[in-house]
Amino acid sequence: MVSSRTFMSFTTLTFLIFLVTVFALYWSLRDRRTQNVVLLTASYIFYGWWDWRFCLLMIAASLVDFFVGLGLNKVEEPRWRKVLLTCGLSANLGMLGVFKYFNFFAENFQALVTKLGWHVDPITLNVILPVGISFYTFQTMSYSIDIYRRKMRGTTQLIEYLAYVSFFPQLVAGPIERATHLLPQFFKDRVFSDEQARSGCKQALWGVFKKMVIADNLSPIVDTAFANPSAYNGAELALATVGFALQIYCDFSAYSDIAIGVARLFGFELMRNFAYPYFSQSVGEFWRRWHISLSTWFKDYVYFPLGGSRVAKPRMAMNVMITFMLSGLWHGASWNFIIWGALNGLGVLPEILRPHSRRTAGELPAEQPSAKTFARILGTFSFICVGWIFFRAGSFADAILILQRIVTAFLAPVGGLLRSDETDGRVWVVAALLLGAEWIKRSEWHPLAGIRWPQPVRWVAYSALLWIALYLGTFGSSPFIYFQF
Amino acid sequence: MRGFLKKLLLFAAIQLAIAAVVIWSYRRQFPPSQHFLAADIDKQSLIQTQAAPRLIFIGGSSMAFGVNSARIAESCGRHPVNMGLHAALGLKYMLAEVQPHLRAGDWVIVAPEYQQFSKLGGNTEFLVNMIEIAPAHGRFFTREQWSGIFDSGFVKRFGRQLRAVAGRPSRLFDRGTIGKTRPYYRRDGFNANGDVVAHLNVKPPRMSEREFRLRHDKASVRETVEVLNRFADVAKQRGVRVWFSHAPLPQPVFDQNRRAVDELEATLAREVRIPQLDRAEELAFPYDHFFDTWYHLSLRGVEKRTELLAARMAEQGKAFAEGSSQHDEFHH
């Protein structure tokens with residue numbers, strides 16, 4: 001069941017009014033603690049705008065780990081530390097289990113026992129998935145685990161801690177911040193930096209442009225094709241899949257850009273979440289560039305505890321697969337997500353298992369790519385797109401049908417899908433220009449960073465982005481995709 | 001900080017200045033006073049002044065483009081008030097703008113389009129358009145509608161104005177481009193009773209819409225039922241009689257969606273405390289009875305629907321007159 005209430009989305013006038021109000025109030029105060037109270041209050045208003053009852057859930061999730069942290073500060077005996085951590089993790093996972101996974105497991109359990117010849121009455125819960133629950137529970141869990149691992153001490157400052165968990169710019173769809181990085185920033189006095197605020201505005205503007213112009217305009221094409229794949233030929237479905245690859249990138253990375261930009265307006269630095277993933281030359285590299293905060297979370301809190309790469313190769317392969325399948329499950333309670341995760345795990349395996357494999361994580365090629373590099377980029381993108389089919393398709397059968405059609409009828413004419421009233425061919429041109437701009441500025445966090453043009457020229461460019469967004473934007477018809485996770 | 005704020009405000013001021021030029025040009029080209037939705041000002045005036053006994057029609061453009069209200073009202077001895085305007089304003093708005101003006105003895109026909117069973121709050125862009133034209137009509141919006149307007153309505157509406165102006169830069173300084181708009185999509189396309197009449201003698205343009213999937217989820221239908229029942233309760237308290245009538249659909253479209261329409265009709269018959277005046281099936285007309293969309297009727301369609309509703313209302317009028325005379329006899 002989906003709530004009919006609306007979220008306070010970043011691309012609404014409501015959010016702009018909210019942001020200006022909180023910004024003015026926040027910087028009119030000199031005292032750090034009062035500023036934190038403003039942030040905390042604003043964050044709960046932001047979250048409660050959708051449904052105030054879920055604020056209670058977030059408070060509960062936060063308090064559990066706050067007290068676990070306090071307990072871990074005091075307890076030294078390993079056995080009791082483990083008990084405390086287990087309690088904290090169970091509470092968090094329990095909440096996720098009830099709100100996100102209960103129906104999935106119940107339905108699969110019922111299907112399994114029915115196959116075994118027993119009859120079980122269906123037990124499903126009619127619950128609304130609280131937006132952002134996967135993000136903030138992972139944030140609170142990492143807090144407890146880091147204290148358990150003695151990477152940090154549990155804070156005794158409740159306001160700062162609650163503000164860290166609920167920090168509104170990244171609350172609903174990340175980046176998933178580690179307490180070791182974000183929490184200390186709440187204890188530092190904030191000095192307004194013109195440079196930081198300017199760079200925040202630029203990154204947020206870039207995010208708004210990607211979301212409004214590309215993601216939202218691709219949405220009708222993608223939705224139409226994936227809603228009824230049997231009505232389209234292989235070429236059209238391939239186009240829709242590429243469209244979805246661009247849509248989800250421009251949607252999700254836009255959210256991160258806006259989150260990072262808005263946080264900078266308040267003097268906070270969030271971690272980078274996307275680093276031009278579609279220019280990756282291997283699936284492993286893709287995962288070091290896509291949703292970095294989640295990938296590193298799974299690496300640190302799942303893959304390494306399972307033994308990581310310090311175990312025998314078969315076990316290592318199993319660890320990779322478990323990590324990726326759990327990452328798939330994190331995205332949603334459906335077999336398609338698990339298959340998507342498994343597929344990506346398989347894609348990463350060759351690189352992990354080969355000791356001298358090429359591993360790039362940091363810099364993208366400085367020169368223009370050679371044909372070989374270009375082919376690797378294209379090959380990686382194609383593999384990722386196959387995964388996206390499972391991610392986006394309504395069912396496993398639909399995903400297989402789409403794959404079959406793409407393989408068997410790829411050279412058919414692309415007609416019907418683009419003739420729909422709701423689609424706009426210009427979006428492909430803008431998407432191509434965006435990828436070009438990203439390639440040119442690949443050494444920066446985003447294409448608007450590090451521009452050295454004279455101010456009037458820069459302002460013309462920023463204005464152009466804004467007005468193109470207003471001209472081509474659909475406004476409010478598609479919420480951010482990752483809200484559902 | 002001062003430096004940052006100064007630059008930010010200057011940047012914002014430049015953007016606002018550009019926006020002001022866009023809005024100025026748009027309003028010059030398409031004066032709000034001549035807009036299709038401006039007919040709501042006339043309809044509000046009509047509902048406040050029309051003499052009793054009245055027959056009030058509620059709906060979207062299917063009502064505006066779909067009946068000869070005078071003939072139907074005449075069949076039951078009443079004066080017509082056709083409040084039908086645009087489906088995108090939403091059923092909530094349609095009912096809210098009529099409710100304050102209900103008087104004892106009024107009769108009302110409510111005929112919402114099928115999309116009112118999936119999106120009855122209206123389209124925020126059209127709601128903004130309405131307050132541009134008639135700011136006072138904002139009083140008919142609910143809190144949720146205002147929230148939607150702030151979320152997306154203003155920006156969506158501005159986006160449309162921008163596309164209209166920037167898409168034809170040669171007309172930036174033109175005045176009254178609205179004169180080139182099709183006459184039946186202007187305020188003066190309506191007659192004094194609130195019916196669109198400008199299209200009746202025009203050759204229907206090709207109707208491009210052929211496919212239609214009636215989509216309504218249970219929650220939305222439940223909400224529509226609640227809204228209709230609340231309206232029925234208020235009407236009853238004020239001594240007003242209300243009937244429900246179905247919106248017209250082309251026969252092939254109706255056939256495609258037969259199951260969903262039947263389910264919806266059964267739900268309405270079971271749960272809405274407003275009697276149904278007709279059956280959905282009776283409002284399924286051939287394609288040539290429609291003008292330019294599924295809901296807008298051509299002259300033939302208007303005549304057929306009018307005939308049907310007039311006959312039903314005549315029966316109601318007769319029954320009412322007999323009831324009144326029996327009532328009078330009883331009192332005497």
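Guide: We may begin with domains, whose bounds come from an automatic or database domain assignment. For chain A, that assignment gives domain 1 (13-190) and domain 2 (195-281 + 360-484). Please note that this is a predicted model, in which local features need pLDDT of at least 70, side-chain atom pairs count only at pLDDT 80 or more, and totals for chains, interfaces and linings use all residues. Residues are numbered from 1 along each chain as its sequence is written, while chains are lettered from A and ligands numbered from 1 in the order in which they are written.

Visitor: How many residues does the contact take from domain 1 of chain A and from domain 2 of chain A?

Guide: Two residues are in contact if their C-beta atoms, placed from the backbone, lie within 7 Å. By that rule, domain 1 of chain A gives 15 residues and domain 2 of chain A gives 15 residues. The C-alpha centres of these two domains are 29 Å apart.

Visitor: Which elements give two or more residues to the side of domain 1 of chain A that touches domain 2 of chain A?

Guide: Elements are DSSP runs numbered from the N terminus: helices (H or I, at least four residues) and strands (E, at least two). Here they are α1 (13-27), α7 (168-171) and α8 (179-186) of chain A. The largest share, 3 residues, comes from α1(A).

Visitor: Which residues of α1(B) are buried?

Guide: A residue is buried if 20 or more other C-beta atoms lie within 10 Å of its own, exposed if 12 or fewer, and partly exposed in between, with C-beta atoms placed from the backbone. In α1(B), the buried residues are B:V22, B:S25, B:Y26 and B:Q29. Their cover includes α7 (143-166) of chain B.

Visitor: Is A:G425 buried or exposed, and why?

Guide: A:G425 counts as exposed because it has 9 C-beta neighbours inside 10 Å. This residue lies in the loop between α17 and α18 (426-440) of chain A. The C-alpha atoms of A:G425 and A:N217 are 9.3 Å apart, although 208 residues separate them along the chain.
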